[in-house]
Amino acid sequence: MKFMDEYRQRDVARRLADEIARLTDRPLKLMEVCGGHTHTIFKYGIEDLLPPNVQMIHGPGCPVCVIPLGRVDDSISIALEPGVIFTTFGDMMRVPGSSTNLLDAKAAGADVRMVYSPLDALKIAKKHPDRRVVFLALGFETTAPSTALTLQQAAKDRVDNFSVFCNHITIVPALKAILDSPDLKIDGFVGPGHVSTVIGTRPYDFVAREYGKPLVVAGFEPLDILQSVYMIVRQIVERRAEVENQYGRVVLRDGNRRAMEAMFEVFEPREFFEWRGLGSIARSGMRLRASYAAWDAERLFSVPGLRIADPKACQCGEILKGVKKPWECKVFGTACTPETPIGSCMVSSEGACAAYYNFGRLSKVAERAAAMAEK
Amino acid sequence: MSGASDDFSRAFYPFLHEEERAPEEITDELRFSLLEKARESVAVKTRFFEEQADAILDAGRILARAFRRGGKLLVCGNGGSATDAQHIAVEFMHPITVGRAALPAVCLANDMAMVTAVANDVGVEHVFSRQVIALGRDGDVLLGISTSGNSDNLVRAFETARSMRLATIGFAGGEGGRMAALHSEGKLDVCLTVPTSSIHRVQETHVTLYHVLWDLVHTILQDRRGEPA
């Protein structure tokens, strides 16, 4: 397949991996922030290609994984309201709340429907003017523009029975929170690809300038990831700390102006927003501006709004921070599987646990640990 | 930087532009932040008291009955909850309201020599249960405070207290942890859980709770119509 196979060439991958190994044998911890990168890393066995001294830490870049239990309960509460058609992306339907999930709510009679975009939800609202259609908006700066544009369309078309339950979050404050965390000692970052197509690379300058860490914005094919890791390691060896753009075919320095204009018009930052596993991060969530109050589900519905503690057995928090690996969670692969998830990291395809489970990483981890111990 | 990306960055990543902000803007934000936290604290407390009113009354009656019959209160917790335990003991022993009797209450986190001796010689999980064994009597009350509900030394203290026929009351947070499980199993008489994962909100609610409980106990003691059978 053109323009995809070129980025998956095995011999090039091997050469890149050899170059990385040649650069240094110093133990390094690199974090890939984006869940899409986590998925690629596991799917293509990138960790197997990397030398044992380079360890990939999987960050909190999975918006489904970081949505807290309380917000899931709020979503279910809205879905159960009479007359509501509740629309959501597919993977959110199985994310457990404190006692149930949206799929079970659907089975119990709630009208919950899977959509592929907020525009689909708007179409449903136009088709059912007698029902209140609510769209569960979540995701980083990648998906927030589509929600913003949809709301602008709803306002323009005067679709008054359409609302958004906004759970959009921003990755840059989370990146700062990770850098400020005393638990984590990350040597470099594989920067988010899709988010960067929207916000550009300029917002990451502080990572290099103030924290002295290299960050390379990466694409999603295996050679993109390997080249990005190579660029990070080379910076470390050369004692540089810069923001580089490996994904130049898509990402521009200043990002997508139109997308940012739409988000700026529709959304404003929340004072703080809770991230599962990371706690509350200041100015990391989005809500609708007052000018869009008529489409704001949080103003229209009374939701529980509680902070719910994660289940005792669930260690998604530690996994999202990169402190633990999925297989180190006591319930990974036993009580918590993709079929019977306890935590959200096992539900979303971008979650580290689901990726580990589906691509069988467990045996490889033991081999790498043994190789490092021998060195 | 283009206008759009600049506006967006200033709005959503303000920490990247701190040096450009006026001091009064930062003050406004701080003011908003503290008011939001206060609002949340009030909301958590209101919900807790509305939902747990009957259980709080039960706790009040248990305490009043114990004091009326000559018993005492033993109270314990770890860290911040230890300071709450100290505060509770002082409230009962040194009432600030005229007309309220001084009632016997002992904080099991007070005696550093005792706590460190047991922790050092036996294990921290026994620091409270050992004191319950020495100080507790049939008819006393043990009150344990834990924001997670999972403190091992509290669970052991409750088990010891129950075996000695003390009444038991727990203050917990989150989902109540092991203390809530003990209550479900009938091994903890009352468990008052603040349903939030924010430790600060749990602690703030606990502080209000024990002040309310103190007042409730005295009200019950002064009105013999409320005396349990």
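Helices (H or I, at least four residues) and strands (E, at least two) are DSSP runs numbered from the N terminus.

The model is predicted: local features need pLDDT of at least 70 and side-chain atom pairs count only at pLDDT 80 or more, whereas totals for chains, interfaces and linings use all residues. Residues are numbered from 1 along each chain as its sequence is written, chains are lettered from A and ligands numbered from 1 in the order in which they are written, and side-chain values use heavy atoms, with hydrogens and water left out.

Chain A also contains an open sheet of 5 strands in the order β2-β1-β7-β8-β9, with parallel pairing; two strands pair if DSSP finds at least two bridges between them. The edge strands, β2(A) and β9(A) (243-245), each pair on one side only. Strand β8(A) (residues 215-217) is joined to β9(A) by 3 bridges, and A:Val216 stands opposite A:Glu244 in β9(A).

In the whole structure, 32 salt bridges are found over all chains, each being a side-chain nitrogen of Lys or Arg within 4 Å of a carboxyl oxygen of Asp or Glu. In one of them, the closest N and O atoms of A:Arg71 and A:Glu298 are 3.2 Å apart. A:Arg71 lies in helix α5(A) (residues 69-79) and A:Glu298 in helix α14(A) (residues 297-300), so the pair ties together parts that are 227 residues apart in sequence. A:Arg71 is buried at 12% relative accessibility, while A:Glu298 is partly exposed at 24%. Together with A:Arg270, these two residues are linked in a network of salt bridges.

Within helix α9(A) (residues 171-180), A:Asp180 and A:Lys176 are 4 residues apart, separated by about one helical turn, and their side chains form a salt bridge (2.8 Å, N to O). In chain B, a salt bridge joins B:Lys72 and B:Asp140 (2.7 Å, N to O).

How values were computed:
Buried < 20%, exposed > 50% of the residue type's maximum accessible area, 1.4 Å probe, protein only.
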